Amino acid sequence: METGEAYQKKERASLVAIVVLACLALSSLFVAFSYYCYIRNKVSKRHRINKKFDCEEKGDCQEQQEVTDKGIQVFTFKQLHSATGGFSKSNVVGHGGFGLVYRGVLSNGRKVAIKFMDNAGKQGEEEFKMEVELLSRLRSPYLLSLLGYCSDNSHKLLVYEFMANGGLQEHLYPNNRSGSVPLRLDWETRMRIALEAAKGLEYLHEHVTPPVIH
Ligand SMILES: Nc1ncnc2c1ncn2[C@@H]1O[C@H](COP(=O)(O)OP(=O)(O)OP(=O)(O)O)[C@@H](O)[C@H]1O
(Lines give C-alpha, C1' and ligand atoms only; values in the text may rest on other atoms or scores of the structure.)
Protein backbone atom coordinates (compact mmCIF):
# COMPACT_ATOMS: atom_id res chain seq x y z
CA MET A 1 0.00 0.00 0.00
CA GLU A 2 1.37 3.44 -0.93
CA THR A 3 1.51 6.03 1.79
CA GLY A 4 -0.28 9.32 1.28
CA GLU A 5 3.06 11.14 1.01
CA ALA A 6 4.40 8.84 -1.73
CA TYR A 7 1.12 9.22 -3.61
CA GLN A 8 1.37 13.02 -3.41
CA LYS A 9 4.98 12.89 -4.66
CA LYS A 10 3.92 10.80 -7.64
CA GLU A 11 1.09 13.19 -8.39
CA ARG A 12 3.45 16.18 -8.28
CA ALA A 13 5.95 14.44 -10.54
CA SER A 14 3.29 13.66 -13.13
CA LEU A 15 2.04 17.25 -12.95
CA VAL A 16 5.57 18.54 -13.57
CA ALA A 17 5.95 16.06 -16.46
CA ILE A 18 2.67 17.26 -17.98
CA VAL A 19 3.68 20.93 -17.68
CA VAL A 20 7.12 20.22 -19.19
CA LEU A 21 5.58 18.25 -22.05
CA ALA A 22 3.01 20.99 -22.70
CA CYS A 23 5.79 23.63 -22.72
CA LEU A 24 7.82 21.50 -25.13
CA ALA A 25 4.82 21.03 -27.40
CA LEU A 26 4.10 24.77 -27.37
CA SER A 27 7.72 25.68 -28.10
CA SER A 28 7.85 23.17 -30.98
CA LEU A 29 4.64 24.66 -32.35
CA PHE A 30 6.10 28.15 -32.05
CA VAL A 31 9.37 27.11 -33.76
CA ALA A 32 7.45 25.34 -36.54
CA PHE A 33 5.21 28.39 -37.08
CA SER A 34 8.17 30.80 -37.17
CA TYR A 35 9.92 28.54 -39.68
CA TYR A 36 6.75 28.42 -41.79
CA CYS A 37 6.52 32.25 -41.77
CA TYR A 38 10.19 32.54 -42.67
CA ILE A 39 9.88 30.14 -45.61
CA ARG A 40 6.65 31.76 -46.81
CA ASN A 41 8.27 35.20 -46.74
CA LYS A 42 11.29 33.90 -48.64
CA VAL A 43 9.17 32.22 -51.30
CA SER A 44 6.94 35.23 -51.86
CA LYS A 45 10.01 37.50 -52.05
CA ARG A 46 11.52 35.24 -54.70
CA HIS A 47 8.18 35.16 -56.50
CA ARG A 48 8.02 38.97 -56.52
CA ILE A 49 11.58 39.28 -57.85
CA ASN A 50 10.87 36.72 -60.60
CA LYS A 51 7.70 38.58 -61.56
CA LYS A 52 9.64 41.85 -61.69
CA PHE A 53 12.28 40.33 -63.97
CA ASP A 54 9.55 38.77 -66.11
CA CYS A 55 7.71 42.05 -66.58
CA GLU A 56 10.94 43.93 -67.23
CA GLU A 57 11.83 41.41 -69.92
CA LYS A 58 8.39 41.66 -71.49
CA GLY A 59 8.23 45.44 -70.95
CA ASP A 60 4.76 45.34 -69.32
CA CYS A 61 5.39 46.28 -65.69
CA GLN A 62 2.15 48.23 -65.28
CA GLU A 63 0.45 45.34 -63.44
CA GLN A 64 3.15 45.35 -60.75
CA GLN A 65 2.45 48.98 -59.82
CA GLU A 66 3.68 49.70 -56.31
CA VAL A 67 1.04 51.30 -54.09
CA THR A 68 1.68 52.92 -50.70
CA ASP A 69 -0.47 52.14 -47.64
CA LYS A 70 -2.38 55.38 -48.35
CA GLY A 71 -3.31 54.05 -51.80
CA ILE A 72 -0.85 56.32 -53.61
CA GLN A 73 0.83 54.82 -56.68
CA VAL A 74 4.57 54.93 -57.08
CA PHE A 75 5.37 55.53 -60.73
CA THR A 76 8.62 55.05 -62.52
CA PHE A 77 9.95 57.97 -64.54
CA LYS A 78 9.62 55.79 -67.65
CA GLN A 79 5.88 55.33 -67.06
CA LEU A 80 5.27 59.07 -66.72
CA HIS A 81 7.56 59.78 -69.65
CA SER A 82 5.46 57.59 -71.90
CA ALA A 83 2.18 58.90 -70.40
CA THR A 84 3.07 62.42 -71.55
CA GLY A 85 4.58 61.57 -74.94
CA GLY A 86 8.07 62.20 -73.57
CA PHE A 87 6.94 65.36 -71.72
CA SER A 88 6.12 66.93 -75.04
CA LYS A 89 5.45 70.66 -75.12
CA SER A 90 2.05 70.02 -76.66
CA ASN A 91 1.00 68.35 -73.42
CA VAL A 92 1.86 71.28 -71.16
CA VAL A 93 -1.36 72.55 -69.56
CA GLY A 94 0.06 75.01 -67.07
CA HIS A 95 2.88 76.18 -64.88
CA GLY A 96 2.56 76.60 -61.13
CA GLY A 97 4.69 76.98 -58.05
CA PHE A 98 5.86 73.36 -58.31
CA GLY A 99 6.79 73.44 -61.97
CA LEU A 100 5.34 72.58 -65.37
CA VAL A 101 2.05 70.67 -65.45
CA TYR A 102 1.51 68.09 -68.22
CA ARG A 103 -1.57 66.32 -69.45
CA GLY A 104 -0.96 62.57 -69.53
CA VAL A 105 -2.69 59.28 -70.16
CA LEU A 106 -1.66 56.28 -68.07
CA SER A 107 -1.36 52.80 -69.56
CA ASN A 108 -4.81 51.95 -68.15
CA GLY A 109 -6.31 54.88 -70.10
CA ARG A 110 -6.76 57.16 -67.07
CA LYS A 111 -6.25 60.86 -67.79
CA VAL A 112 -3.93 62.56 -65.33
CA ALA A 113 -2.16 65.84 -64.67
CA ILE A 114 1.53 65.40 -64.00
CA LYS A 115 3.43 68.10 -62.15
CA PHE A 116 7.12 68.02 -62.97
CA MET A 117 9.08 69.66 -60.18
CA ASP A 118 11.53 72.45 -61.06
CA ASN A 119 14.85 72.25 -59.21
CA ALA A 120 14.15 68.72 -58.03
CA GLY A 121 17.80 68.34 -57.04
CA LYS A 122 17.40 71.02 -54.36
CA GLN A 123 14.68 69.18 -52.50
CA GLY A 124 15.83 66.14 -50.61
CA GLU A 125 14.27 62.73 -51.03
CA GLU A 126 12.93 62.77 -47.45
CA GLU A 127 11.46 66.25 -47.83
CA PHE A 128 9.65 65.22 -51.02
CA LYS A 129 8.34 62.02 -49.44
CA MET A 130 7.05 64.10 -46.49
CA GLU A 131 5.21 66.35 -48.94
CA VAL A 132 3.72 63.31 -50.68
CA GLU A 133 2.73 61.88 -47.30
CA LEU A 134 0.96 65.14 -46.40
CA LEU A 135 -0.79 65.40 -49.77
CA SER A 136 -1.88 61.78 -49.65
CA ARG A 137 -3.71 62.42 -46.38
CA LEU A 138 -5.93 65.04 -48.02
CA ARG A 139 -9.17 63.36 -48.99
CA SER A 140 -12.13 65.56 -49.71
CA PRO A 141 -14.73 65.65 -52.49
CA TYR A 142 -13.83 69.35 -52.86
CA LEU A 143 -10.13 68.76 -53.53
CA LEU A 144 -8.30 67.10 -56.39
CA SER A 145 -6.78 63.86 -55.17
CA LEU A 146 -3.14 62.99 -55.47
CA LEU A 147 -2.99 59.70 -57.36
CA GLY A 148 0.69 59.02 -57.24
CA TYR A 149 4.24 60.25 -57.46
CA CYS A 150 7.62 59.50 -58.90
CA SER A 151 10.90 60.21 -57.17
CA ASP A 152 14.10 58.98 -58.69
CA ASN A 153 16.65 61.46 -57.29
CA SER A 154 16.93 63.87 -60.17
CA HIS A 155 13.22 63.71 -61.13
CA LYS A 156 10.35 64.44 -58.81
CA LEU A 157 6.78 64.37 -60.09
CA LEU A 158 3.27 64.40 -58.68
CA VAL A 159 0.33 62.76 -60.43
CA TYR A 160 -3.21 64.11 -59.98
CA GLU A 161 -6.63 63.48 -61.38
CA PHE A 162 -7.06 65.49 -64.54
CA MET A 163 -9.46 68.47 -64.49
CA ALA A 164 -11.00 68.17 -67.92
CA ASN A 165 -12.29 71.76 -67.84
CA GLY A 166 -9.03 73.21 -66.53
CA GLY A 167 -8.68 75.15 -63.31
CA LEU A 168 -11.12 77.72 -62.04
CA GLN A 169 -8.43 80.34 -62.46
CA GLU A 170 -8.47 79.93 -66.25
CA HIS A 171 -12.19 80.58 -66.30
CA LEU A 172 -11.81 83.65 -64.16
CA TYR A 173 -8.80 84.89 -66.16
CA PRO A 174 -9.23 83.08 -69.52
CA ASN A 175 -6.40 84.77 -71.44
CA ASN A 176 -3.63 82.49 -70.30
CA ARG A 177 -1.65 79.92 -72.24
CA SER A 178 -3.68 76.85 -71.29
CA GLY A 179 -6.11 77.74 -74.11
CA SER A 180 -9.20 76.49 -72.29
CA VAL A 181 -12.48 77.96 -73.41
CA PRO A 182 -14.11 80.08 -70.69
CA LEU A 183 -17.28 78.50 -69.36
CA ARG A 184 -20.48 80.52 -69.42
CA LEU A 185 -21.62 80.26 -65.84
CA ASP A 186 -25.02 81.19 -64.51
CA TRP A 187 -25.26 82.70 -61.03
CA GLU A 188 -26.48 79.48 -59.47
CA THR A 189 -23.37 77.66 -60.77
CA ARG A 190 -21.11 80.50 -59.60
CA MET A 191 -22.62 80.28 -56.13
CA ARG A 192 -22.12 76.49 -56.06
CA ILE A 193 -18.47 76.87 -57.14
CA ALA A 194 -17.86 79.51 -54.45
CA LEU A 195 -19.51 77.33 -51.81
CA GLU A 196 -17.59 74.19 -52.79
CA ALA A 197 -14.29 76.10 -52.95
CA ALA A 198 -15.05 77.40 -49.44
CA LYS A 199 -15.77 73.84 -48.27
CA GLY A 200 -12.41 72.74 -49.70
CA LEU A 201 -10.69 75.55 -47.77
CA GLU A 202 -12.63 74.72 -44.62
CA TYR A 203 -11.45 71.10 -44.91
CA LEU A 204 -7.82 72.23 -45.24
CA HIS A 205 -8.07 74.65 -42.33
CA GLU A 206 -10.28 72.74 -39.93
CA HIS A 207 -10.12 69.04 -40.65
CA VAL A 208 -6.47 68.33 -41.40
CA THR A 209 -3.77 67.92 -38.77
CA PRO A 210 -1.63 69.98 -38.99
CA PRO A 211 -3.94 72.45 -40.76
CA VAL A 212 -2.93 73.50 -44.29
CA ILE A 213 -2.92 77.31 -44.38
CA HIS A 214 -1.88 78.92 -47.64
N1 LIG B 1 -5.16 68.36 -62.04
C2 LIG B 1 -5.08 69.20 -63.04
N3 LIG B 1 -5.78 69.00 -64.17
C4 LIG B 1 -5.67 69.88 -65.19
N5 LIG B 1 -4.90 70.96 -65.19
C6 LIG B 1 -4.20 71.20 -64.09
C7 LIG B 1 -4.22 70.35 -62.96
N8 LIG B 1 -3.41 70.84 -62.00
C9 LIG B 1 -2.88 71.95 -62.50
N10 LIG B 1 -3.34 72.19 -63.75
C11 LIG B 1 -3.00 73.33 -64.61
O12 LIG B 1 -1.70 73.76 -64.27
C13 LIG B 1 -1.75 75.11 -63.78
C14 LIG B 1 -0.77 75.24 -62.64
O15 LIG B 1 -1.23 74.44 -61.58
P16 LIG B 1 -0.49 74.32 -60.20
O17 LIG B 1 -1.40 73.63 -59.27
O18 LIG B 1 0.87 73.76 -60.41
O19 LIG B 1 -0.21 75.80 -59.82
P20 LIG B 1 -0.95 76.78 -58.88
O21 LIG B 1 -2.43 76.61 -59.08
O22 LIG B 1 -0.34 78.10 -59.12
O23 LIG B 1 -0.62 76.23 -57.44
P24 LIG B 1 0.76 76.25 -56.68
O25 LIG B 1 1.19 77.66 -56.52
O26 LIG B 1 0.43 75.57 -55.38
O27 LIG B 1 1.73 75.42 -57.49
C28 LIG B 1 -3.20 75.31 -63.37
O29 LIG B 1 -3.53 76.66 -63.45
C30 LIG B 1 -3.95 74.45 -64.36
O31 LIG B 1 -4.07 75.15 -65.58
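Select strand 6 (residues 146–151) and strand 7: they pair in the antiparallel sense over five bridges. Strands here are DSSP runs of E with at least two residues, helices are runs of H or I with at least four, and both are numbered from the N terminus; two strands pair if DSSP finds at least two bridges between them. Within this pair, Gly-148 stands opposite Val-159 of strand 7.

This is a predicted model, in which local features need pLDDT of at least 70, side-chain atom pairs count only at pLDDT 80 or more, and totals for chains, interfaces and linings use all residues. Residues are numbered from 1 along each chain as its sequence is written.

Strand 3 pairs with strand 4 (residues 99–105) in the antiparallel sense over three bridges, and a hairpin of three residues joins them. His-95 has Leu-100 of strand 4 as its bridge partner.

Now select the ligand. Its surroundings comprise 19 residues, the closest being Gly-94, Gly-96, Gly-97, Val-101 and Ala-113; a residue counts as near if its C-beta atom, placed from the backbone, lies within 6 Å. Two or more shell residues come from each of strand 3 (92–95), strand 5 (111–117), strand 7 (156–161) and helix 4 (168–172). Strand 3 gives the largest share, three residues.

Last, select residues 15–38, listed by UniProt in an unreviewed entry as "transmembrane region"; such annotations may be inferred rather than shown by experiment. This span is 100% helix and 0% strand, with its end C-alpha atoms 34 Å apart.
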